[in-house]
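Here's a quick briefing to read alongside the structure. Take a look at the ligand site and then at the strands.

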Amino acid sequence: MEDFADRIRGVLSRAALRHEQASHGPRRTAREDLVAWARAHLSHKRLLVVSNREPYSHERGPQGLYWVRNAGGLTVALDSVAQALGGVWTAHGSGGADRLASDAAGRVACPPDHPTYTLKRVWLSEEDQALYYNGLSNSALWPLCHIAYVRPRFRIEEWERYRDVNRRFAEAVMEEVGDQAAFVFIQDYHLGLVARFLKEWRPDLEVALFWHIPWPNVEVFRIFPWKQELLEGMLANDLVGFHIRHHTQNFLDAVADVLEARVDRERGAVERAGKRTWVRDFPIGVDATEIAAMAEAQVAREAERRLRAELGLVDCRVGLGVDRLDYTKGIPERLDGLERMLEKHPEWIGRFSFIQIGVPSRIGLKEYRDVLLRTRKRVERINERFPRPAPEGAATAGPEAEAARAVRGETPSPAGDSASRHDGSFLPSGDDRPRRPPPGNAPSTLPTVHLIERSLDFRELVPYYRMADLCAVTSLHDGMNLVAKEYIAATPDLDGALVLSPFTGAARELERAFIASPYDRESMADAYHAALSEAPESRRERMAALRETVLRYNIFDWAIEVLDTVQRLTLRTPQGEAADAPKE
Ligand code: F6P
């Protein structure tokens with residue numbers, strides 16, 4: 001019932017926002033525009049999205065089956081596209097109860113509460129995950145592409161399993177395509193070889209790959225032992241997309257360095273053996289209208305109020321970080337900057353608190369366990385050095401509560417997946433709730449930094465965005481980083497500030513953020529202080545400019561641009577004619 005009421009509220013709120021936009025500003029590209037575009041250009045083709053991570057997973061709890069909307073930026077953003085276009089999304093079924101919720105072919109209707117498309121789950125064994133996911137994807141390609149000073153590891157058995165799992169994803173796609181015309185939209189570095197199989201079996205399919213992480217410079221890429229096969233696999237696509245121009249150029253450099261191919265940098269195209277692949281950059285956006293509506297909903301307001309009360313965040317400015325616990329995200333560096341700010345500007349002690357949501361990720365890998373330990377250490381040190389006086393009746397939610405969770409063994413599965421419990425409320429469920437001390441034993445101090453180590457459903461995340469006076473995105477390197485854009489979208493009242501690393505794709509667009517390098521502690525400390533101290537009027541003006549950027553080029557603009565580019569460019573170059581195509 002509450003769900004239904006909330007949905008109605010969401011619809012009304014979206015309509016109100018659209019009305020406001022219509023009367024006060026330019027019209028934004030909306031879901032309906034993508035639907036209309038697809039009706040005009042894709043009507044006779046099936047759409048298939050392919051990714052490793054699934055947008056929804058199923059779990060089993062004491063009350064039976066429940067589902068989780070995975071909070072990863074990519075799956076949340078693409079879910080809006082899939083909801084608009086229908087079709088089939090093929091992904092790894094990683095939820096604990098996914099098999100129970102799916103039919104014999106691995107299919108389940110999504111979103112589970114108002115289905116508009118089909119999720120087709122691919123089943124992977126533990127060994128597949130160890131070799132393909134933890135191995136080649138996250139111990140070789142991830143560090144190779146991010147250049148975050150973690151040495152990539154190359155093992156032939158992992159490369160072979162990567163190839164094999166990619167072939168199985170391609171087979172799963174083919175089961176859905178049958179002999180129909182289709183457009184297959186593949187996501188990310190886990191699936192670099194899928195197009196090669198699809199084109200072998202069905203050369204007439206239109207296939208695009210979007211590489212959501214950075215592409216390294218040629219000197220770095222050169223060390224990848226299977227570089228030729230990877231590049232050939234990627235060039236089987238009709239289009240390869242990146243978020244920023246720099247990564248597109250690096251990719252073209254790699255092709256020129258490794259393969260016998262004609263690289264046309266001006267047009268962003270590679271020609272090889274009569275086949276042309278377009279290589280272009282399209283910065284991904286978010287469904288800003290939807291996120292703003294979620295942030296304005298009554299249920300989010302109430303959740304924020306409860307969170308503030310439980311974490312003792314009354315009369316206190318709040319900073320927020322939301323990341324997978326990944327060494328590329330610069331989380332210990334972010335906390336070092338924060339500690340330095342408290343040293344340099346003690347006036348913030350007791351008046352500022354930071355919530356770090358750290359989603360356990362890929363914990364089968366040592367580098368990921370290390371970043372978790374380094375993060376916990378920083379949090380403990382800051383809380384010891386700079387405790388916050390507790391307001392009347394406050395609860396504790398400090399390292400004690402987090403440690404208790406760790407003791408209870410609440411760590412994710414070895415795949416590092418996003419499974420979490422969800423009880424339909426927006427507060428941490430069950431034992432994740434901050435502990436209240438026994439009556440008469442209220443704490444005199446509270447932590448300055450709250451570390452929340454768990455996966456969140458996207459709906460649970462929104463109240464945190466709402467609450468934050470400041471959001472810190474301090475990646476050492478990042479393809480885009482959608483947390484930055486989600487936060488801005490979730491702050492329609494303009495009362496917020498973004499501290500952003502220049503090494504994110506997002507920094508190319510969000511120039512009005514407080515830009516600070518995570519490698520430079522002093523400048524991070526100064527950026528936090530500046531973001532917290534800015535006068536209300538200029539703070540609002542800055543956020544308004546950031547919001548305008550996020551609204552102007554949102555997930556629907558991105559989807560239309562990518563899909564339309566494929567349609568337009570393949571019209572120009574039918575299969576096998578690329579080598580003869582005239583120069584523009
Ligand atoms: O940032 C690139 C990306 O592939 C995102 O798409 C996704 O959020 C994340 O990395 C992958 O995380 P995971 O391994 O948990 O799916």
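The shell around the ligand splits into 5 nonpolar residues, no polar ones and 4 charged ones. Keep in mind that this is a predicted model.

**Ligand site**

- Who's in the shell? Arg-53, Leu-74, Tyr-133, Trp-142, Asp-188, Tyr-189, Ile-213, Arg-324 and Arg-362 surround the ligand.
- The space that the ligand takes up is the largest cavity.

- Arg-53 has a side-chain N or O atom 2.9 Å from an oxygen atom of the ligand.
- Arg-362 does something along those lines, with a side-chain N or O atom 3.0 Å from a ligand oxygen.
- For Asp-188, a polar side-chain atom sits 2.3 Å from an oxygen atom of the ligand.
- On its own the ligand has 390 Å² of accessible area, and the protein covers 87% of that.

**Backbone spots to check**

- Asp-188, one of the residues around the ligand, also has a positive phi of about 80 degrees, even though it isn't a glycine.
- Where does Asp-188 lie in the chain? You'll find Asp-188 in the loop that runs between strand S7 (182–187) and helix H7 (194–201).
- There's a cis peptide bond between Cys-110 and Pro-111, with omega at about -15 degrees.
- Pro-111 belongs to the loop between strand S5 (107–110) and strand S6 (117–122).

**The six-stranded sheet**

- Six strands make up an open sheet with parallel pairing, and reading across, the order goes S17-S14-S13-S18-S19-S20.
- Which strands stand at the edges? Those are S17 (449–452) and S20 (514–515); each has a single partner strand, so one side of each has no neighbour in the sheet.
- S17 pairs with strand S14 (residues 352–359) in the parallel sense, over 4 bridges.
- If you want a residue pair to locate that pairing, Phe-354 stands opposite Val-449 in S17.

**To recap**

- Arg-53 and Asp-188 are among the residues surrounding the ligand, and so is Arg-362.

Note on methods. Residues are numbered from 1 along each chain as its sequence is written. This is a predicted model: local features need pLDDT of at least 70, side-chain atom pairs count only at pLDDT 80 or more; totals for chains, interfaces and linings use all residues. Side-chain values use heavy atoms; hydrogens and water are left out. A residue is near a molecule or strand if one of its heavy atoms lies within 4 Å of it. A polar contact is a pair of N or O atoms within 3.5 Å; within protein, one must be able to donate a hydrogen and the other to accept it, and residues adjacent in sequence count only if both atoms are side-chain atoms. Accessible areas come from the Shrake-Rupley method with a 1.4 Å probe; for residues, only the protein chains shown count as cover. On a 1 Å grid over the protein atoms alone, a cavity is a set of points where a 1.4 Å probe fits but cannot get out, and a pocket is an open set with protein on both sides within 12 Å along at least five of seven lines; lining residues have an atom within 4 Å of a point. A molecule sits in a cavity or pocket if more than half of its atoms lie within 2 Å of its grid points. Ala, Val, Leu, Ile, Met, Phe, Trp, Tyr, Cys and Pro count as nonpolar, Asp, Glu, Lys and Arg as charged, and the others, Gly among them, as polar. Two strands pair if DSSP finds at least two bridges between them. Helices (H or I, at least four residues) and strands (E, at least two) are DSSP runs, numbered from the N terminus.
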